[in-house]
Amino acid sequence: MNLILFGAPGAGKGTQSAKLVEELGYKHISTGDLFRYAMKNETALGVEAKKYVDAGKLVPDSIVIGMVDEAFGALAGASFILDGFPRTAPQAEALDNLLESHSLDIGKVIFLEVPKELLLGRLTGRRVCKNCGATYHVEAKPPVKDGVCDVCSSDQVVQRKDDMPEVIEERLEVYENSTAPVKSFYLAQGKLIELDGTGEADDVFARIKGVLS
Ligand code: AMP
């Protein structure tokens, strides 16, 4: 069953997606990861996206929608999780059209509910490996050796530019204004499932698995 993982920045969408990939074989479509990959490789898309991503703003809908269209084209029958898309009402509507044109559907939209105070702590403490994308947290999950990735041994475990406090405020505001309203779109479609996103990652994952059957 194809899924959308939905929630504020820092709600745990990336962490839970990684578990779904590892344990259940899902294909992960993260628009944020796709932008970071393009930015790292300095492609035309990356150069364009950087202006928005580093400032905590949304990349224009047409660019994101085209990217998801391409990702759907490369699925080859795999079940997928959408993480970070859709983030605006026009993206949600465009997604319905994309699903239809690729003969796909979404079974459930899982909303991870996390209070704002917790989101701030998660985002300011988050560190990511620039090489492989593994994520850490300075207190909850530091790498074994400071600054070095446990997964790929790269010494590039850093703070994302958009996890700096000023940018976080902007991202949370963008979420409230543009993304949170998308919830009602899926509520109306009868697909929205709200889950408690607080606590240990494994506990949240158990809650997700509990609603998948
Ligand atoms: P994320 O890793 O999902 O928090 O995404 C990081 C950044 O990528 C966001 O703050 C936006 O700048 C951009 N981005 C990711 N997904 C989208 C989307 N669906 N629409 C517009 N911008 C996006």
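Predicted model: local features only at pLDDT ≥ 70, side-chain atom pairs only at ≥ 80, totals over all residues.
Figure 1. Which residues of α1 are buried? They are Lys 13, Gln 16, Ser 17 and Leu 20, and these four lie on the same side of α1 because they cover an arc of only 105 degrees around the axis. In an α-helix there are 3.6 residues a turn, so residues three or four places apart point the same way. The buried residues of α1 pack against the strands β1 (3-6), β2 (27-30), β3 (80-83) and β4, and also against helix α9 (201-210).

Figure 2. With 15 residues, α7 reaches 20 Å between its first and last C-alpha atoms, close to the 21 Å expected at 1.5 Å a residue. Buried positions in α7 are Val 167, Ile 168, Arg 171, Leu 172, Val 174, Tyr 175 and Thr 179, and they fall on the same side of α7 because they cover an arc of only 160 degrees around the axis. Which exposed residues does the face of α7 turned away from its buried side carry? That face carries Glu 166, Glu 176 and Asn 177. The cover over the buried residues of α7 includes β1, β4, α6, β5 (126-129) and α8 (182-188).

**Figure 3. Arg 171, a buried arginine in α7.** Arg 171 lies in helix α7, and because its relative accessible area is 9%, below the 20% cut-off, Arg 171 counts as buried. Which residues are in contact with Arg 171 when its neighbours within four places in sequence are left aside? Arg 171 is then in contact with Pro 9, Gly 56, Leu 123, Arg 126, Arg 160, Asp 162 and Asp 163.

**Figure 4. The second largest pocket and its lining.** The volume of the second largest pocket is about 210 Å³. Its lining is made up of 15 residues, and those closest to the centre of the pocket are Ala 8, Val 114, Leu 119, Tyr 175 and Glu 176. Two or more residues of this lining come from each of β4 (108-113), α6 (116-124) and α7 (165-179), and α7 gives the most, with 5 residues. By residue class, the lining of the second largest pocket divides into 9 nonpolar and 6 charged residues, with no polar ones.

Figure 5. Gly 32 lies in helix α2 (residues 31-40) and, at 22% relative accessibility, counts as partly exposed. The C-alpha atom of Gly 32 is separated by 8.5 Å from that of Val 53, a residue 21 residues apart from Gly 32 along the chain. Ala 71 has its place in helix α4 (residues 61-73). Is Ala 71 buried or exposed? Ala 71 counts as buried, because its relative accessibility of 17% is under 20%. Between the C-alpha atoms of Ala 71 and His 28 the separation is 9.8 Å, with the two residues 43 residues apart along the chain.

Figure 6. Most residues other than glycine have a negative phi, and most peptide bonds are trans. The peptide bond from Phe 85 to Pro 86, by contrast, is cis, with omega near 5 degrees, and Pro 86 is found in the loop between β3 and α5 (89-101). Ala 76, in the loop between α4 and β3, has a phi near 50 degrees, a positive value in a residue other than glycine, and at 77% relative accessibility Ala 76 counts as exposed. Ser 153 also has a positive phi, of about 65 degrees, although Ser 153 is not a glycine. The place of Ser 153 is in the loop between β6 (135-137) and β7 (157-158), and, with a relative accessibility of 56%, Ser 153 counts as exposed.

Conventions: Residues numbered from 1 in each chain as written. Heavy atoms only, no water. 1 Å grid on protein atoms, 1.4 Å probe; cavity = no way out; pocket = protein on both sides within 12 Å on 5 of 7 lines; lining within 4 Å. Points joined across faces, edges and corners; volume = space filled by probe spheres on them. Nonpolar A, V, L, I, M, F, W, Y, C, P; charged D, E, K, R; others polar. Buried < 20%, exposed > 50% of the residue type's maximum accessible area, 1.4 Å probe, protein only. Arc of directions from axis to C-beta. Contact = heavy atoms within 4.5 Å. Expected span 1.5 Å × (residues − 1).
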